[in-house]
Amino acid sequence: MDVQQTRFSAQEIAELARRVDRPIVLVGMMGVGKSSVGKRLASLLDCAFVDADEEIERSAQMTIPEIFETFGEPYFRDGERRVIARLMSESIEKLGGRIVIATGGGAFCNPETRALILDKAITVWLDSEIDTLVERTARKDNRPLLKQGDPRETLTRLREERRPHYSQAPIHVLSGSGPHVQTINKVLQGISQWL
């Protein structure tokens, strides 16, 4: 379902938060705003937030670029799958599923990871136009897949390759260049409709 803009009152957000009984997992391209939107969403819903990439780095005691350089992408993707599975399992056991998880851009492309997320979580695909992704990803120098070649070309190619995977998420929200509050309201609307 594609979601349009709606404003939520504090009472409506509190009522929606009470209905959330499983992890909310944000998927989509690097630079789409999963972490920044996820933190604000978790705060509004009064639940935990975790960035899967940060958790991977903590578990590996290496940065993601170091993991890619030392072991390669397949090794990273396997570790990513295991970390996301653990985060979801722990959140269900300890928090009643009340957590927002921001995944890395390629996580949802792994068939096992995607099946787990679709089965056990409220899955939200955050999507953006290429110009927005290029502008946002230029702010950080920690994106191994953008190290070689033209970032615009790489992002365009990755977005097209990953679209069939991302489109399996039941909630699709466009994240524009405006304030994150607009995206968050669309995510709340999508979750409300999905529940």
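**Figure 1. Salt bridge between Arg-77 and Glu-80 in the predicted model**. The closest N and O atoms of Arg-77 and Glu-80 are 3.0 Å apart. Both residues sit in helix α5, three residues apart, about one turn of the helix. A search of the whole structure finds 14 salt bridges.

**Figure 2. Salt bridge between Asp-127 and Arg-159**. The N to O distance is 3.4 Å. Asp-127 belongs to strand β4 (residues 122-127) and Arg-159 to helix α8 (residues 151-166), so the pair ties together parts 32 residues apart in sequence. Asp-127 counts as buried, at 5% relative accessibility. Arg-159 also counts as buried, at 11%.

**Figure 3. Salt bridge between Asp-131 and Arg-152**. Their closest N and O atoms are 2.7 Å apart. Asp-131 lies in helix α7 and Arg-152 in helix α8, 21 residues apart, and the pair links distant parts of the chain. Asp-131 is exposed, at 52% relative accessibility. Arg-152 is partly exposed, at 38%. Confidence in the protein chain is lowest in helix α7 (residues 130-137), with a mean pLDDT of 82.

**Figure 4. A salt-bridge network**. Glu-55, Arg-58, Arg-86 and Glu-90 are linked in this network.

**Figure 5. Val-124 in the largest nonpolar core**. The core holds 51 residues. Ile-24, Leu-41, Val-124 and Ile-191 touch the most other members. Helix α5 (residues 73-95) gives the largest share, five residues. Beyond its neighbours within four places in sequence, Val-124 is in contact with residues including Ile-24, Val-27, Ile-171 and Ile-191.

Note on methods:
Residues are numbered from 1 along each chain as its sequence is written. This is a predicted model: local features need pLDDT of at least 70, side-chain atom pairs count only at pLDDT 80 or more; totals for chains, interfaces and linings use all residues. Side-chain values use heavy atoms; hydrogens and water are left out. pLDDT is the predictor's confidence in each residue, from 0 to 100. Helices (H or I, at least four residues) and strands (E, at least two) are DSSP runs, numbered from the N terminus. A nonpolar core is a set of buried Ala, Val, Leu, Ile, Met, Phe, Trp, Tyr and Cys residues joined through side-chain atoms within 4.5 Å. Buried means under 20% relative accessible area, exposed over 50%, partly exposed in between (1.4 Å probe, protein chains only). Contact means heavy atoms within 4.5 Å. A salt bridge is a side-chain nitrogen of Lys or Arg within 4 Å of a carboxyl oxygen of Asp or Glu.
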